Amino acid sequence: MTDLVVRKIAWGFDGSVPFRWQPKNPNFGIFCNAFTFIAVPFEKYIISSLRQAQDRLDQDPDVAAEAEAFLRQEAQHAAAHRKHMLALIERYPALEQCYQDTVKSYDDLIKNRPVEFHAAYIANLEATFTPLFKVILDNREALFGGGDQRVASLMMWHFVEEIEHRSSGLILYRHLVPSRWYRVKHFRETFRHTSEVAANIAAAFDEQIPFEERGASARELMSPALLIDEFKFRGPGGARRRSRQTGAPTLFNAVPTGHLARMAWRLALSQTPNHDPADQPLPDWADTWMREYERGTDMTAFFGAPPDAGNQR
């Protein structure tokens, strides 16, 4: 039986939440804001598409229990990120169209593709989260430190729970699709779609939010060359190239090169047919977060800096 925990946390967001919630690293702030605008429609897509296969999932009690806990966690994520998203839309009403366009993109997938494709899409994307979020959580002080604790704490909760249910997508996929190669066959289509969604969100951010309230270009950040650009400034001559660069630091500027290299390798491995997220190295700090939750700590203010009333633009 599944050991996933469905945690209901009273997240609170309002119009005082700034878009540039992480002033030390505007690119990381934009990345997390884009994550919110992707998370709400994506979690809805997970729930809607897998509910289509509910009768097949119910054939195995263990799989059914895994599916129920997984979908209930994802529903909590969607509800929490929706609060953050609506706070940003309150500041920038034109972002509502960005959200609606993303919802339509996922609704079109549900309408036009079979449930096996949805299971592969979900398994493919969920497989990338463990290596990505391990790097983020392992470097939490550099990435989240000093940022608005409302957004920082939300993101860290979600990333920890993605680590916790890292195998759920694959378990459900393997129950619904006998072939391990079907998932591999569709990985290009999975990431082509997610790249298009991210690009559209980035375009909306750049068009609707003044640069001084972003601090960086969302289009440049969310480009497919993200990791290539990170490695450009590392190795021989990297420091010199970085010194000539103007503007905000790169997304993972403060992350050690070794961490990034291992992440890139594990991201590649995550799309191979025999990959299992259960076997991946995990961030030790995820256990710290879970222990604090069990102790009754206020996880809505667990990390980051209290809101600065004088800087709420």
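## A pocket, a cavity and a core

Ala123, Glu126, Ala127, Arg166, Gly169, Leu170, Arg183, His275 and Pro277 line the largest cavity. On a 1 Å grid over the protein atoms alone, a cavity is a set of points where a 1.4 Å probe fits but cannot get out, while a pocket is an open set with protein on both sides within 12 Å along at least five of seven lines; lining residues have an atom within 4 Å of a point. This is a predicted model, where local features need pLDDT of at least 70 and side-chain atom pairs count only at pLDDT 80 or more, while totals for chains, interfaces and linings use all residues. Residues are numbered from 1 along each chain as its sequence is written, and side-chain values use heavy atoms, with hydrogens and water left out.

**The cavity**

- Searching the whole structure turns up one cavity of 30 Å³ or more.
- The largest cavity holds about 40 Å³ of space; a volume is the space filled by probe spheres set on the grid points, which are joined across faces, edges and corners.
- Its lining gets at least two residues from each of α5 and α8, and α5 gives the largest share, three residues. Helices (H or I, at least four residues) and strands (E, at least two) are DSSP runs, numbered from the N terminus.
- By class, this lining has four nonpolar, two polar and three charged residues. Here Ala, Val, Leu, Ile, Met, Phe, Trp, Tyr, Cys and Pro count as nonpolar, Asp, Glu, Lys and Arg as charged, and the others, Gly among them, as polar.

- About 1,200 Å³ of space lies in the largest pocket. It is lined by 42 residues, and the closest to its centre are Leu125, Phe191, Thr194, Ser195 and Leu226.
- Helix α10 provides the largest share of the pocket lining, nine residues.
- The classes in the pocket lining are 30 nonpolar, six polar and six charged residues.

- Buried means under 20% relative accessible area, exposed over 50%, and partly exposed in between (1.4 Å probe, protein chains only).
- The largest nonpolar core has 93 residues, and Phe28, Phe37, Tyr45, Ile136, Phe144 and Phe205 have the most contacts inside it. Such a core is a set of buried Ala, Val, Leu, Ile, Met, Phe, Trp, Tyr and Cys residues joined through side-chain atoms within 4.5 Å.
- The largest share of this core, 14 residues, comes from α5.
- Beyond its neighbours within four places in sequence, phenylalanine 28 is in contact (heavy atoms within 4.5 Å) with Trp21, Ile136, Leu143, Phe144 and Leu251.

**Glutamine 22**

- Glutamine 22 sits in the segment before α1 and counts as buried, at 1% relative accessibility.
- Leaving aside neighbours within four places in sequence, glutamine 22 is in contact with Gly29, Leu143, Phe144, Gly145, Gly146 and Gly147.

**Cysteines**

- The structure holds zero disulfides, a disulfide being a pair of cysteine sulfur atoms within 2.5 Å.
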